[in-house]
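Please consider the structure shown below.

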Amino acid sequence: MLNIAIIGTGAIANTHVKGYQQFPETCRIVAFCDIYVEKAAMMNEEFGLEVAVYQDYKEMLKNENIDLVSICTPPYTHAELSIASLDAGKHVLVEKPMASSLEECDRMNEAAERNGKILSVIAQNRFTNPMMKLKHILDTGLMGPIVHSQIDSFWWRGHSYYDLWWRGTWEKEGGGCTLNHAVHHIDICQWMRGMPSEITAVMSNTSHDNAEVEDISIAIFSYQDGTLGQITSSVIHHGEEQQVIFQGKRARVSAPWKVKASLSMENGFPQEDTKLEEEIQNVYNQMEDLSYEGHAGQIYNVLSAIEGKTGLLVDGRQGRQTLELITAIYQSSSLGEKVQLPLDPLSPFYTREGVLKNARHFFEKKTSVENFAENKITTGTFYNEN
Ligand SMILES: NC(=O)c1ccc[n+]([C@@H]2O[C@H](COP(=O)([O-])OP(=O)(O)OC[C@H]3O[C@@H](n4cnc5c(N)ncnc54)[C@H](O)[C@@H]3O)[C@@H](O)[C@H]2O)c1
């Protein structure tokens, strides 16, 4: 039986609790921790639990019975809390984004290796049926080499979203929608397509004058083989119509799921390749649905990996790659330059200090609230079919 502790009992922590509660034969929650200790106590009430509550994570980590720590705090705390948990001999499942700088990611990965513990970064969108199936289709190679990807990471957040004390600042949130919202799709992009060799990007803040950070960015990824990709990260898109589209030389596939294939007529104009479309559709139809989706799906993977039953799908190396792409978008759009990958410690954005010094500041944060009365949140679409 694995004993679980959760640090940070705000909005997303509920999803972790519900996730762990789906596996009562494998794990049980034994502790909640929050600097607002009353929020940790409320978690007990909400879920009918009576586990230990802590205000100071250092006290909590002294408990030798804790096996796995879920970190559900703001991004600027992720490195400190993860490293302390790993050094205390616990496995860690940290919320996205992995950290607020690449330097922090590197120290987190070193701590995981040093202690021989699992470090997983939340990327719950991978654990959805449309994304798992899309990944499988790409792996079959049926669509030919990928020549273009289009990622619309469209979200919508009102002005007051950035009033929460830690949001909307480079120091505490670490960035805007590119880091905190598109992180999901940027993870999907590098998981499915690999890393580009160069990034060109622009960003702006059009509608949130209570935030230092961007509310939209548009980036172009250039790959070693000369192919391209584009990603728009936004919290100004009504309807949050998120999609991921890959164009191969032979066919196009996407989440939400759609397959289209073209053959060339003698004059170069397109003619539908129904045979290939059917072949790809048949492979898609044969794939089984996941037993657990979203956070529960990733928690299942982490618990199974700790028990040695399966490999870890999202480790700290993967988390770092995603942050590397985001950091390159910030570097390119703040400094107005093309950025070559990989990014190393010489990048002006490698450290948190570097990000704070060099990232473009849009507005000053004027309002700051400790907590919202309403804790209900949404976590994006599940890519239902068009
Ligand atoms: N995966 C997703 O879909 C998703 C959705 C929302 C938020 N998140 C991520 O989850 C994290 C938390 O976001 P949230 O919306 O739940 O924020 P929140 O403000 O609602 O909750 C964070 C909690 O952490 C507590 N906290 C802060 N510093 C702490 C510390 N040092 N020790 C203990 N507790 C501390 C705060 O008091 C607060 O209760 C962020 O990294 C965010 O990006 C992920």
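Predicted model: local features only at pLDDT ≥ 70, side-chain atom pairs only at ≥ 80, totals over all residues.

Residues are numbered from 1 along each chain as its sequence is written, and side-chain values use heavy atoms, with hydrogens and water left out.

Helices here are DSSP runs (H or I, at least four residues), numbered from the N terminus. The axes, lines fitted to C-alpha atoms over the stretch in contact, form angles from 0 to 180 degrees between N-to-C directions. Helix 8 (residues 183–193) and helix 11 (residues 316–335) have axes that come within 9 Å and cross at roughly 110°. Helix 8 is therefore roughly perpendicular to helix 11 (65 to 115 degrees). Their contact (heavy atoms within 4.5 Å) involves V183, I186, D187, Q190 and W191 of helix 8 and Q318, Q321, T322, L325, I326 and I329 of helix 11.

For helix 6 (residues 129–140) and helix 9 (residues 274–286), the axes come within 10 Å and cross at roughly 135°. Contact between them is made by P130, K133, L134, H136, I137 and T140 of helix 6, together with I280, V283 and Y284 of helix 9.

Polar contacts are pairs of N or O atoms within 3.5 Å. An N or O atom in the side chain of K96 is 2.8 Å from a ligand oxygen atom. A polar backbone atom of T73 lies 3.2 Å from an oxygen atom of the ligand, and a backbone N or O atom of I35 is 3.3 Å from a ligand nitrogen atom.

Methods
Helix = DSSP H or I, 4+ residues; strand = E, 2+ residues; numbered from the N terminus. Polar contact = N/O pair within 3.5 Å; in protein donor to acceptor, adjacent residues only side chain to side chain. Parallel < 35°, antiparallel > 145°, perpendicular 65-115°, else oblique.
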